[in-house]
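Please read the points below with the sequence and the model open beside you. They go from the contacts between chains to single residues.

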Amino acid sequence: MKTFKIGGVHPRENKITAGQPITVAPLPQQAVILLSQHIGAPAQCIVEKGDSVKVGTLLAKANGFVSANIHSPVSGTIAKIDTVADGSGYQKPAIYINVEGDEWNESIDRSEELIKECNLDAQAIIDKIDQMGIVGIGGATFPTKVKLMPPPNMKPEVLIINAVECEPYLTNDHALMMAKADQIIVGIEILMKAVRVERTFIGIEANKPDAIELFKQKTQNRKDIEVVSLQCRYPQGGEKQLIDAVIGRQVASGALPVSTGAIVQNVATAHAVYEAVQKNKPLIERVVTVTGKSLARPGNYLARMGMPISQLIEVAGGMPQDTGKIVLGGPMMGRATANIDTPTGKGTSGILVIPESEAHRHEPSPCIRCAKCVSACPMGLEPYLLSKAVAIGNLEIAEERNIYDCIECGCCSYSCPAHRPLLDYIRQGKGKVMAIMRSRAAEKK
Amino acid sequence: MNKLIVSPSPHTHSGLSTAQCMYGVLIALIPTFLISIYFFGIDALLVTTTAVIACLLFEFLIQKYLLKKAPTLGDGTAILTGVLLAFNLPASIPLWIVVIGALFAIGVGKMAFGGLGNNIFNPALAGRIFLLISFPQQMTTWPTPAPWGASVDAVTGPTTLNILKRGNIEEIANIDVINTLIGNSGGSFGEVGAIALIIGFVYLLWRKIITWHIPVSIILTVFLFSFAVTIKEGLEYAIIFAELQIFSGGLLLGAIFMATDYVTSPMTRGGMILYGILIGIITVVIRLWGAYPEGMSFAIFIMNGATPLINKYMKPKRFGEVVKHG
Amino acid sequence: MNIITISIISLATIGAIAALILYVIAQRFKVDEDPRIDEVEKALPGANCGGCGKAGCRSFAESCVKASSLEGMLCPVGGNKVMQQIATILGKEAHEAESRVAVVRCNGSCQHRPQTNTYEGAHNCAITHNLYAGNTGCAYGCLGCGDCVSVCSLGAISIDPETHLPVVNIDICGGCGACSRVCPRNIIEIRKKGPKGRGVYVACMNKEKGGVARKACEVACIGCSKCAKECKFEAITIANNLSYIDSDKCKMCRKCVDACPTGAILAVNFPPRKVVEPATPSTETTPSDNK
């Protein structure tokens, strides 16, 4: 079975919500819409206090090339435009909407009917995706239209659909694949048309045999879409690792992934593209896996953006007594939060409630140079060395040893028997080194 | 509800801790320990116990009273050092020498460099080499193995390596390879049972505590190198000679348990293989042309010293370095 | 006897030859350096803190010797005393510069600012700051991991085990600014060191609106501008819901301290006030008291 070539780990999968169908979560009473639900500049608010909005009304416009439109996920009245503490606890600009009923914009086609035909040309498709505020909803929330418009000197050859879901616990993509296979395939066709490629691989990890079976069956008569079953290994869902696993090409250090000729899109993004292009539906809701060993009703919930995570946890059976940590996303790359009132956004793939017994980090002990981090690193770096270099402030060594290649997957900290916070330091150093490199490049110009 | 915990990602761990690695190695040494008790009797047990207790005691005293920090005896590293030191000693050695060896191993080999993780040389090996140089008489007096029940023979027998070194072809041809495999031969009591050591190796690989790179590269190098230098004496002889080189002396114990010591071995796969090959070459050179019959300890010791250099120059294969194809 | 003689003679010869070679080489490769550089370096405190803007004490000494005038040159650690010595060594005129000191502008001890969650990552302020707002409700306050402590080459800062806040020892601190640069939240400010180390400053950096700030911390500045109204010297400005006292303009009358409704303004190293007398800017009248 195919997989990527360097490093990687296989954490316990803990996919307790696997096989659970998508349940629609109730609407919140007040939705709080962050203006920054994507990588890049926060969107520019275009509504005012007191305005009434419907589901799908444009609330904020993309502010620059790497940015995305934000639409209203609920109908009601704008209560205020203020700040809200996001998952990190820092105050971020946000729009508060008091929810009244559930009235949708007329332009959105809410029927279940599958529309296969798409008569738009590539540019029109990309414009539509841009308009509807689609971002990569695998977690990175990079605006999709930017990825669909590679630099003119790079010609994409294949499209790779990321249906790997290598993060433990998360099953939102799996649930979506089982429920919306036809829509996803139409979404893939649209994406292929947008980037003008003839061939698509759907990468699915072997722990989802039902999804592999379903997609193989749906695509058995076609030559342009191929399902690739991949060995379960983290971080296979990383863009670079996935390209390596599926077509055996490695992105050079510092290069764009598209330089290998592959464009990677998440499977849920493909579904969002279908809804945007065929149904005129902006990205206002997504499947969120609310999971945890002590939750009463863990599941895959279709939730509107802007719902406080405490309400989603309530829907899943309420906050367990023994909760020790709440993570937005999966346990390997998700962000722990102390703020249970933080609203969900386009990038919230999961809410993981970890019981206290499993939530603590162990006290670090001295590095015994066991080299487990070196073997685990999927980028071929030396985490022990980088982490130490950053801790003692020697950024030259860190740069010389390619700290900027780090994808922050966490395999090093995960495998360290001394429980050293390797990634904590490397992430910090990577930020600093990249800032130095940028300022150096700017000076040269 | 309790206060929530916040930390950077990842929020999960493989569960393998330093102590578990160390205890894993100890478990892997159990078959060897049993074999040594079978052949060397109560002496093997006494030497091991003394070494372990002495190592633990010295580690405790140094950490508590010299370094003034909380002792970390629970991580199993001092126990492991004690066991490995003992396994590298003859069963008949006076116990006070074992204590001196333990003091040197822990005090000089480990703590003087800054404790766990900072030592350049494998502490057990440092202890053994110190004893070998300081007490050459006691350190090279090997009791003849006698299966459990039989009275332990006080007469010291030649080790297989002594015979190999003498290079008498007839004598070598008479050595029973089976005896070296099960451990019925002279030598330090932890190094004689080849099969038991290999069982331990398989266990370590299965638990993913070590990788195959260092042991396999050492063993292959020793085999090929000693085969190459004796091939002129005939193919059959060369094979037996090379086989005996592997199964005798501290080679397997060294290759599997001493050279793979995390702290003192290289970090990258390539570095590990280079380290293994060089240990193999140095071992054979010392065994065949050096003053000592056994060269494994010295070979590992020398390469321990070269490890920082290997770490500096042998970098892991980076992602994206592979030539693009397709 | 013979052997001993031979050994002594041969050893002595080897020694003599080695000494000769060393001498010749030392003469050959001698670098001519102004001997005053060494003298100046000796006078410097040797903290190598970089607070003067040079790479270290040696490089500061070099530039002192080279410079035509000592104006603008200040070793923040040694202060005027050391600069005076250097001036004497070099025969140049000394320029008085006011001494400066690091001030921690956060008073959010555990008592004033309740902990709302537990942080378990690497013990490093910069990492914590990048991760989240911290283990209290205040996104501007001290994180208490001690980056400032580890960066201080003089050992002038320590974390108070009770308040979890950094404490600057003003007798040691030279105001080099290393801590101020390393603090991810810019809590540490280098301010003018008043007579006997006295100072009046706003011990808060919270830029939130009053209510939010106060909710997170009892002693937060809520930007009410009462202090600014009270101040006769226009030393206080309010920006972003936060008050700031300019140490160059402040005359240390301490009226603002009394005016502050939350107790966010601290007056440090003043002698305890006499109850009867109204607060006067007393400088010379009371005996020195550093705490």
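**Notes on the predicted model**

1. The contact between chains A and B takes 55 residues from chain A and 34 residues from chain B. Two residues are in contact if their C-beta atoms, placed from the backbone, lie within 7 Å. On the side of chain B that touches chain A, the elements giving two or more residues are β1 (4–6) and α1 (18–28) of chain B. β1(B) gives the most, with three residues. By class, this side of chain B has 15 nonpolar, 15 polar and four charged residues. Here Ala, Val, Leu, Ile, Met, Phe, Trp, Tyr, Cys and Pro count as nonpolar, Asp, Glu, Lys and Arg as charged, and the others, Gly among them, as polar. Helices (H or I, at least four residues) and strands (E, at least two) are DSSP runs, numbered from the N terminus.

2. A word on the source. This is a predicted model, in which local features need pLDDT of at least 70 and side-chain atom pairs count only at pLDDT 80 or more, while totals for chains, interfaces and linings use all residues. Residues are numbered from 1 along each chain as its sequence is written, and chains are lettered from A and ligands numbered from 1 in the order in which they are written.

3. Chain B also touches chain C, in a contact of six residues from chain B and ten residues from chain C. The chain B side divides into four nonpolar, one polar and one charged. β1(B) is joined by three bridges to strand β2 (residues 117–119) of chain C, and the two run parallel. Two strands pair if DSSP finds at least two bridges between them. Which residue is the bridge partner of B:Ile5 in β2(C)? The partner is C:Thr118.

4. Chain A has an open sheet of four strands in the order β2-β8-β7-β4, with antiparallel pairing. β2 (30–34) and β4 (52–53) of chain A stand at the edges with a single partner strand each, so one side of each has no neighbour in the sheet. Strands β7 (residues 76–85) and β8 (residues 91–99) of chain A run antiparallel and are joined by nine bridges. Along this pair, A:Ile78 stands opposite A:Ile97.

5. The domain assignment of chain A gives domain 1 (26–108 + 282–356), domain 2 (122–279) and domain 3 (372–444); such bounds come from an automatic or database domain assignment. In chain B the assignment gives domain 1 (18–139) and domain 2 (152–312). Their centres, taken over C-alpha atoms, are separated by 21 Å. Here 30 residues of domain 1 of chain B are in contact with 29 residues of domain 2 of chain B. The largest share of the domain 1 side, six residues, comes from α2(B). That side has 21 nonpolar, eight polar and one charged residues.

6. The largest nonpolar core has 298 residues, and those with the most contacts inside it include A:Ile33, B:Ala51 and C:Cys204. A nonpolar core is a set of buried Ala, Val, Leu, Ile, Met, Phe, Trp, Tyr and Cys residues joined through C-beta atoms within 7 Å. A residue is buried if 20 or more other C-beta atoms lie within 10 Å of its own, exposed if 12 or fewer, and partly exposed in between, with C-beta atoms placed from the backbone. Leaving aside neighbours within four places in sequence, C:Cys204 is in contact with residues including C:Arg105, C:Val219 and C:Leu242.

7. Some backbone details deserve a check. Most residues other than glycine have a negative phi, and most peptide bonds are trans. A cis peptide bond joins A:Tyr234 and A:Pro235, with omega about -5 degrees. Another cis bond joins B:Ser9 and B:Pro10, with omega about 0 degrees; B:Pro10 is in the loop between β1 and α1 of chain B. C:Lys196, which is not a glycine, has a positive phi of about 55 degrees. C:Lys196 is partly exposed because 16 other C-beta atoms lie within 10 Å.
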